[in-house]
Amino acid sequence: MSERASGSSAQRERAPVQVYVPGDSAARSVGADLMAERLAAVAAAAGRPVQVVRTGSRGMLWLEPLIEVETSAGRVGYGPVAPEDVDGLVAAGLLDGAAHELGVGLVEELPWMRRQQRLTFARVGIVDPRSADDHLAHGGTAGLRAALELSPADVVEQVVESGLRGRGGAGFPTGVKWRTVLGAQADQKFVCCNADEGDSGTFADRMLMEGDPFILIEGMTIAAHAVGATEGYIYIRSEYPDAVATMTAAIETARERRWLGERILGSELTFELHVRVGAGAYICGEETSMLESLEGKRGTVRPKPPIPALAGLFGKPTVVNNVLSLASVPTILTGGAAAYAALGTGRSRGTSVFQLGGNVRRGGIVETAFGITLGELVESFGDGTASGRPVKAVQVGGPLGAYLPADRFDLPMDYEAFAEAGAMLGHGGVVVFDDTADMTAMARFAMEFCAEESCGKCTPCRVGAVRGVETIDRIRRGEDRAANFELLEDLCELMTDGSLCAMGGLTPMPVRSALRHFAKDFGVEAAG
Amino acid sequence: MTVEAGERAARAERVRAVASGLRDQRGALLPILHAVQAEFGHIDQADLPVLADVLNLSVAEVHGVVTFYSDFRNTSPGRVHLRICRAEACQAVGAEALAEHASAGLGVGFGETTADGAVTLDQVFCLGNCALGPTVQVGERLHGRVNPARLDAILAEAAR
Ligand SMILES: Cc1cc2nc3c(=O)[nH]c(=O)nc-3n(C[C@H](O)[C@H](O)[C@H](O)COP(=O)(O)O)c2cc1C
Ligand code: SF4
Ligand code: FES
Ligand code: FES
C-alpha cells in the first residue's frame with residue numbers, strides 16, 4: 001500500500017469525510033439523488049464513513065451532478081457523475097480527493113469560478129440551505145445587523161448610493177423605490193418579493209431560493225426595516241416546488257432564531273413573512289398582476305398610477321422587488337454602498353447574475369460586474385454551443401427580449417447599451433441558438449406566447465398577438481408576402497404603442513429583432 | 001340519499017373544511033384552490049358555491065379566478081402528469097421534436113389524457129432548468145437533458 005493510502009487510514013479514525021452533492025432541482029433533474037444514494041452506499045461498503053451534505057448548485061450546470069469532497073486543500077470536484085460512475089470513483093480514491101478523469105480539481109480554483117465576482121451568490125453551492133448555523137458561519141445576518149444599527153432613512157440612502165437597480169427586468173433604482181414607500185403615510189406597509197421568474201432562460205431566482213434562502217429573508221427584513229413594513233410575501237411560481245419547500249422551511253427556521261417575527265435580533269423590528277404560490281400564469285410576474293394574485297384575484301394588470309410603492313397590496317404602500325434585488329441588499333450593507341457602486345459600468349452598478357441556457361456547452365450562473373460583453377459570456381464562459389455548431393442567435397432578457405446575432409457579441413451587458421441596441425437585459429437570461437434555428441419560428445413563438453399568456457385586459461395585446469401568429473404563418477407559407485410584412489409591422493406598432501403593460505408592449509421586440517437581424521430566414525434581403 | 005349524492009355531500013363538506021381552515025389568510029382564495037386541488041386532483045364546478053360561501057364572494061368571482069390560472073383543472077389528471085417545456089431555451093435543444101414524440105407516442109395532444117387514464121400531457125413555459133434542457137416535469141419531479149428515448153424510459157418508470 002502506498003503512503004497515501006495509509007495516510008487515509010489514519011484519517012479513517014477521525015471524522016467522516018465531508019462530501020457535498022447539490023440538492024438543487026437542476027442537479028436533481030439529471031440524477032443527483034440517485035448518485036448521492038449510491039455514493040453513501042459505496043462509501044459505507046468500503047468502510048469509509050461519509051457525511052453527505054446537500055447544498056445548492058455552484059451553477060456550473062454542465063458538471064451536474066457534481067460531487068465535492070472536502071480535503072485539506074479545499075473542496076475537490078468530480079462531475080458530471082452518474083450513479084454507475086460512483087464505484088470506480090470511490091475505488092480510485094475520490095474520498096481522498098484523488099485524481100480521476102471526472103475530476104475537475106479544486107472547485108474554487110476553476111477559471112469559471114475565479115473569473116466571477118460572487119456577491120449575491122456568495123454562499124450558493126457552498127452552504128447547506130437548510131442550516132441556519134451554516135448561514136451564520138458564512139457571514140449570515142451581518143447585513144441585517146448593520147441595517148438595524150441605522151435609521152430607516154439611512155438604510156434607504158445606502159441602497160440609493162449603491163446604485164442597485166431592480167433585477168426583475170425594468171431596472172428601476174431600488175433605493176428610490178424604497179424612499180417612496182418610506183415617505184408614504186399608512187397604517188400598514190408590505191414588502192413583496194417577486195419570485196415568479198417566468199422568463200425562459202432564467203433560473204437564478206430559483207437557484208438562490210434553493211441554495212441560500214436565508215439571504216433572501218435577510219434582504220426582505222432589511223427592506224421592512226427601511227420602509228416601515230410589518231408583513232411580507234414571497235410570490236413563488238408553482239413550477240418551482242423545491243424552491244417553495246426550501247423557502248418555507250427557511251422561514252420557519254428564521255422564526256425560531258428570531259430573525260423573523262417580533263423583536264427581530266432584539267430590536268424593535270417586527271416582520272412576518274409568508275410564501276405564496278402562483279398558479280401557472282406568466283403575467284403574474286408583472287408586479288401589479290402579482291399583487292392582484294396575492295389578493296386572491298385574477299392576475300390582471302392594474303393601470304399605473306397609482307404605483308405600488310404608494311398603493312400596492314390591498315391598497316397599502318408596498319415594496320415590490322425581484323429575488324435578486326432583495327438578496328443583493330445584505331451585501332451592500334456589509335460591504336458598503338461605495339464598494340458595490342465601484343463595480344459595473346455607466347448607470348449599471350454592482351454585479352449581475354447572468355444565466356446561460358439553451359444550446360450552450362457550459363450553461364449556468366455567471367455573476368460578474370456589469371459591463372462584461374455578451375460575447376465573453378457566450379464564448380468564454382459558455383464555450384459556444386452544445387451541438388458544436390456555430391452560434392446563430394442569442395435571445396437576451398427572456399421571451400420579451402431581442403434576438404441578437406453573433407456580430408453583436410461586442411455589446412456590453414449594460415442596461416443603457418442594450419436599450420440603444422433595441423434590446424434589453426431583462427432578468428439576465430442569455431439563451432443560445434445554433435445555426436439550425438429557424439428565426440421565423442421563433443418570431444411566431446413570441447406572438448404565440450403572448451397570445452397564450454396575455455391577461456386579456458387590453459385589445460392590442462390580446463387580439464394583436466393572435467393576429468400576429470396568423471400573419472407570421474402566412475409569411476412563412478409565402479402568401480401575399482409584401483402585404484403581410486406590412487400588416488405585421490402595423491401590428492407590432494400597435495402592440496408597442498397601445499398595450500397597457502410590457503407583455504403586449506415588448507412582444508414586438510423579439511419579432512422585430514428576428515426580422516431585422518435574420519431577414520434571410522424570412523426570405524428577404526433586408527427588412528425594417 | 002343515493003351513493004352519488006352522498007359522495008357529493010361528503011366532498012362539499014371536506015371542501016368547506018379546507019376553505020374554512022385557510023380563510024383567515026390574506027387573499028385566501030389561491031391558497032385554498034391549491035389545497036383543494038392537492039386533495040381532490042381538480043376543482044369541481046360543484047366546489048365553487050361552497051368556496052364562494054366560505055369567502056363571502058360571488059360564484060362568478062370564484063369562477064373567474066379558477067379559470068384565469070392554467071394550474072387549476074376541472075378534471076383530475078391521469079395517473080402520470082407529464083409537462084413538457086416548450087419555452088425558448090428548451091426549443092433551442094429540441095423541445096419541439098420531443099413534444100411531437102410524446103404526442104405521437106401517447107396519441108394525445110396538449111391538455112389531453114390518454115383513453116386509459118394513464119397519462120395527461122401538458123405544455124409548460126419554462127421550468128427553470130434552461131441549461132439542462134429539454135426539460136420535462138412528471139408530477140413535481142423535474143427531469144433534464146431529456147431526449148425521446150429518455151422520455152420513454154421516464155414514462156415507463158413513472159407508470160410502474
Ligand atoms: C410580463 C411581465 C413579466 C414580468 N415577470 C417578472 C418576473 O417573473 N419576476 C420579476 O421580478 N419581475 C418581473 N417583471 C417585472 C415586474 O413588473 C417588476 O418590475 C419587478 O418585479 C420589480 O422588481 P425589481 O425592481 O426588483 O426588478 C415582469 C414584468 C412584465 C411586464
Ligand atoms: S399588454 Fe397584455 S398582459 Fe399587459 S395588460 Fe394588456 S392584455 Fe394584459
Ligand atoms: S386587432 Fe386590435 S391589435 Fe390588431
Ligand atoms: S426553457 Fe425549458 S426549462 Fe427554461
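Modeller: Let's start with chain B, which has seven helices and five strands. Helices (H or I, at least four residues) and strands (E, at least two) are DSSP runs, numbered from the N terminus. This is a predicted model: local features need pLDDT of at least 70, side-chain atom pairs count only at pLDDT 80 or more, and totals for chains, interfaces and linings use all residues. Residues are numbered from 1 along each chain as its sequence is written, chains are lettered from A and ligands numbered from 1 in the order in which they are written, and side-chain values use heavy atoms, with hydrogens and water left out.

Along its sequence, chain B reads α-α-α-α-β-α-α-β-β-β-β-α. Its C-alpha atoms fill a box of roughly 50 × 35 × 25 Å along the principal axes. Chain B has 160 residues, and 49% of them count as buried. Buried means under 20% relative accessible area, exposed means over 50%, and partly exposed is in between (1.4 Å probe, protein chains only). Now take the contacts in chain B with a separation of 6 or more: 59% of them join residues 24 or more positions apart. A contact means heavy atoms within 4.5 Å. Chain B exposes about 7400 Å², and carbon and sulfur atoms supply 51% of that. Such areas come from the Shrake-Rupley method with a 1.4 Å probe; for residues, only the protein chains shown count as cover. Pro134(B) lies in the loop between β3 (119–124) and β4 (136–138) of chain B.

Now the part you asked about. Ligand 1 is surrounded by 21 residues. A residue is near a molecule if one of its heavy atoms lies within 4 Å of it. Closest to ligand 1 are Gly168(A), Glu287(A), Asn321(A), Asn322(A) and Ser325(A). By class, the shell around ligand 1 holds six nonpolar, nine polar and six charged residues. Here Ala, Val, Leu, Ile, Met, Phe, Trp, Tyr, Cys and Pro are nonpolar; Asp, Glu, Lys and Arg are charged; the others, Gly among them, are polar.

Look next at the polar contacts. A polar contact is a pair of N or O atoms within 3.5 Å; within protein, one must be able to donate a hydrogen and the other to accept it, and residues adjacent in sequence count only if both atoms are side-chain atoms. A backbone N or O atom of Gly168(A) is 2.7 Å from an oxygen atom of ligand 1. For Gly198(A), a backbone N or O atom is 3.4 Å from an oxygen atom of ligand 1. Asn321(A) uses its side chain: an N or O atom there sits 2.8 Å from a ligand 1 oxygen atom. On its own, ligand 1 exposes 610 Å², and the protein buries 91% of that. The largest share, three residues, comes from β9(A).

Follow the chain back from β9(A). Pro306(A) is found in the loop between α13 (287–294) and β9 of chain A. The peptide bond from Pro305(A) to Pro306(A) is cis, with omega near 0°.

Compare the second ligand. Ligand 2 has 13 residues around it, and Cys455(A), Lys457(A), Cys458(A), Cys461(A) and Cys501(A) come nearest. Its shell divides into eight nonpolar, four polar and one charged.

Now turn to helix α22 of chain A. Seven of the 10 residues of α22(A) (508–517) are buried, so this helix is largely enclosed by the rest of the structure. Among the buried ones are Pro508(A), Val511(A) and Leu515(A). Their cover includes α21(A), as well as α19 and α20 of chain A. Asp480(A) is found in the loop between α19 (459–477) and α20 (481–498) of chain A. Phi of Asp480(A) is near 40°, a positive value in a residue other than glycine. Asp480(A) is exposed, at 56% relative accessible area.
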